[in-house]
Amino acid sequence: MKTIIIYESKHHGNTKKVCDRVAAECQVELIEAGSVGADFNWEDYDLMGFASGIAYSKFYDSVSRVAEQIPAGKGTFFIYTCAKNDKDFAAKIKKVVEERGAKCLGTYGCRGFNTYGPLKLIGGMNKSNPNEDELKAAVEFVKKVEKTYEK
Ligand SMILES: Cc1cc2nc3c(=O)[nH]c(=O)nc-3n(C[C@H](O)[C@H](O)[C@H](O)COP(=O)(O)O)c2cc1C
């Protein structure tokens, strides 16, 4: 089974931090959403993760654009970092892949350092996120998704 995570992390590298830890501890490849071109071979992978910071309550457009091309039958999972982890920010992108016949196996979200707008003036919020516990939880999440998919 081959797994790849397609990500964008443009605000403070918060989501990349999560993806890097997952890649260090699980058998997954990482690719930036902006590097997914026409030559990307979906058939090389069984399980696709989509990872993003959240802007205006949704995944970054670059990640959503890739998700819009997913072929039917793939397993998918979602990872995000956000300011306030109080709702399912993956709901929209999940709907997109489900409509294309992919299967959603889970979502993991945690807080990330945020200096959007006036927050900058006070040094931002969530300065120490994602923290060690959140990174560990992300790894456990991906391991669990991989096991679920194997069954
Ligand atoms: C333009 C902008 C819009 C944002 N919108 C939201 C939002 O709607 N909800 C939220 O919880 N966080 C929001 N955030 C905070 C980011 O999602 C958070 O800092 C995230 O960890 C950034 O991830 P990244 O460093 O991987 O890009 C926003 C940040 C920016 C810069």
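## Who surrounds the ligand

Ala, Val, Leu, Ile, Met, Phe, Trp, Tyr, Cys and Pro count as nonpolar here, Asp, Glu, Lys and Arg as charged, and the others, Gly among them, as polar. Sorted that way, the shell around the ligand has 11 polar, 9 nonpolar and 2 charged residues. Please keep in mind as you read that this is a predicted model.

The shell holds 22 residues, and those that come nearest to the ligand are Ser 9, Thr 15, Ile 54, Tyr 60 and Thr 81.

## Where the ligand sits and what it touches

If you are looking for the ligand, go to the largest pocket, which is where it sits. Helix 1 (14-25), strand 3 (47-55) and strand 5 (75-82) are the elements that each give two or more residues to the shell around the ligand. Strand 3 supplies the largest share, with 3 residues.

Which backbone atoms lie by an oxygen atom of the ligand? A polar backbone atom of Ile 54 is 2.5 Å from a ligand oxygen. For Phe 113, a polar backbone atom is 2.8 Å from an oxygen atom of the ligand, and for Lys 10 the corresponding distance is 2.9 Å. On its own, the ligand has 650 Å² of accessible area, and the protein covers 88% of it.

Ile 54 is worth a look on screen: this residue is listed among those that come nearest to the ligand, and its backbone also provides one of the polar atoms described above.

## Salt bridges

How many salt bridges does a search of the whole structure find? The search finds 10. One to look at is the pair formed by Lys 2 and Glu 29, whose closest N and O atoms are 3.3 Å apart. Lys 2 belongs to the segment before strand 1 (3-8) and Glu 29 to strand 2 (residues 28-32), so this pair ties together parts that are 27 residues apart in sequence.

## Two backbone details in loops

The peptide bond from Asn 129 to Pro 130 is cis, and its omega is near -5 degrees. You will find Pro 130 in the loop between strand 6 (103-111) and helix 4 (132-150).

The other spot is Ser 57, a residue other than glycine with a positive phi, near 70 degrees. Ser 57 lies in the loop that runs between strand 3 and strand 4 (58-59).

Terms used: Residues numbered from 1 in each chain as written. Predicted model: local features only at pLDDT ≥ 70, side-chain atom pairs only at ≥ 80, totals over all residues. Heavy atoms only, no water. Near = heavy atom within 4 Å. Polar contact = N/O pair within 3.5 Å; in protein donor to acceptor, adjacent residues only side chain to side chain. Areas by Shrake-Rupley, 256 points an atom, 1.4 Å probe, with all protein chains shown as cover. 1 Å grid on protein atoms, 1.4 Å probe; cavity = no way out; pocket = protein on both sides within 12 Å on 5 of 7 lines; lining within 4 Å. Sits in = over half its atoms within 2 Å of the grid points. Helix = DSSP H or I, 4+ residues; strand = E, 2+ residues; numbered from the N terminus. Salt bridge = Lys/Arg side-chain N within 4 Å of Asp/Glu carboxyl O.
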